[in-house]
Amino acid sequence: MAAEGTAAAPVQAVAAPAAEPAASPVKRDWRGRRPFWGGLLVTLGGAEILFTLKAPLPVILHIGMQGLAGYLVPAVMLLCGLLILFNPAQRLFYSFIALLASLATWITSNLGGFVIGMLLGVVGACLTFGWLPDQPLRQGRQRRLERRQARQAGA
């Protein structure tokens with residue numbers, strides 16, 4: 001109840017946010033032809049580790065090879081993640097190198113970017129290594145695809 005002498009504010013209906021449109025068929029096809037999630041996780045892991053390193057260049061040069069490796073190993077992870085995304089034909093080699101680089105960050109880069117970046121890199125490398133191109137759709141996914149196509153044909 002509003003106190004005497006004060007006006008109650010009118011209640012406005014808030015519209016529900018519109019649902020985001022599904023990914024376009026071109027994007028979905030591009031993601032489907034490569035180990036997208038594995039490459040993305042490796043890239044994010046390398047970027048996270050690079051952003052957690054905050055030593056100035058004179059300190060890195062004074063420390064020597066160990067300080068330089070703190071920047072080189074996550075940069076290799078980041079590069080491998082991008083190569084997985086844009087050159088999926090060589091995914092096994094890139095995933096192996098990304099896995100080794102992810103594990104090497106434990107020693108070289110703040111315990112693997114405070115463990116988060118290392119775990120992202122390891123999981124992404126494993127997803128990439130296990131990805132198989134041209135794999136037939138599982139039965140449940142096949143049914144969903146058929147329902148979606150039927151819905152689009154009817155609309």
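This is a predicted model: local features need pLDDT of at least 70, side-chain atom pairs count only at pLDDT 80 or more; totals for chains, interfaces and linings use all residues.
## A helical chain, seen from its buried residues

Helix H4 buries Gly-67, Ala-69, Gly-70, Val-73, Pro-74, Met-77, Cys-80, Gly-81, Ile-84 and Leu-85.

**The chain as a whole**

- Of the 155 residues in the protein chain, 28% count as buried.
- The accessible surface of the chain is about 11,100 Å², and 67% of that belongs to carbon and sulfur atoms.
- Take the contacts between residues at least 6 apart in sequence: 73% of them join residues at least 24 apart.

- H4 is built from 22 residues and reaches 31 Å from its first C-alpha to its last, close to the 32 Å expected at 1.5 Å a residue.
- Two packed helices are described by the angle between their axes and the distance between the axes.
- For H2 and H4, the angle is about 160° and the axes are 8 Å apart.
- An angle over 145 degrees counts as roughly antiparallel, and H2 and H4 are therefore roughly antiparallel to each other.
- H2 passes H4 in a left-handed crossing.
- On the H2 side, the residues making this contact include Phe-36, Gly-39, Leu-40, Val-42 and Thr-43. On the H4 side, they include Tyr-71, Pro-74, Ala-75, Met-77 and Leu-78.

**Helix H7**

- H7 covers residues 116–130, and its 15 residues should span 21 Å at 1.5 Å a residue. The end C-alpha atoms of H7 are 21 Å apart, which agrees.
- Which residues of H7 are buried? They are Gly-117, Met-118, Gly-121, Val-122, Gly-124, Ala-125 and Thr-128.
- An α-helix has 3.6 residues a turn, so residues three or four places apart point the same way. Keep that in mind as you look along the helix.

**How H7 meets H2**

- The axes of H2 and H7 come within 7 Å and cross at roughly 160°.
- H2 and H7 are therefore roughly antiparallel to each other, and their crossing is left-handed.
- From H2, the residues in this contact include Gly-38, Gly-39, Leu-41, Val-42 and Glu-48. They meet residues of H7, among them Ile-116, Gly-117, Met-118, Leu-120 and Gly-121.

- Ser-95 has its place in helix H5. Is Ser-95 buried or exposed? Ser-95 counts as buried because its relative accessibility is 2%, and the cut-off for buried is under 20%.
- Leaving aside residues up to four places away in sequence, Ser-95 touches Ile-84, Ala-125, Thr-128 and Phe-129.
- Ile-84 is one of the buried residues of H4, while Ala-125 and Thr-128 are among the buried residues of H7.
- Phe-93 also lies in helix H5. Phe-93 is exposed, because its relative accessible area is 52% and exposed means over 50%.
- Phe-93 and Phe-129 are 36 residues apart in sequence, and their C-alpha atoms are 8.7 Å apart in space.

Note on methods:
Residues are numbered from 1 along each chain as its sequence is written. Side-chain values use heavy atoms; hydrogens and water are left out. Helices (H or I, at least four residues) and strands (E, at least two) are DSSP runs, numbered from the N terminus. The expected span of a helix is 1.5 Å times one less than its number of residues. Buried means under 20% relative accessible area, exposed over 50%, partly exposed in between (1.4 Å probe, protein chains only). Contact means heavy atoms within 4.5 Å. Accessible areas come from the Shrake-Rupley method with a 1.4 Å probe; for residues, only the protein chains shown count as cover. Axes are lines fitted to C-alpha atoms, for helices over the stretch in contact, and angles run from 0 to 180 degrees between N-to-C directions. Angles under 35 degrees count as roughly parallel, over 145 as roughly antiparallel, 65 to 115 as roughly perpendicular and the rest as oblique. A crossing is left-handed if the near helix is turned anticlockwise from the far one by less than a right angle, and right-handed if clockwise.
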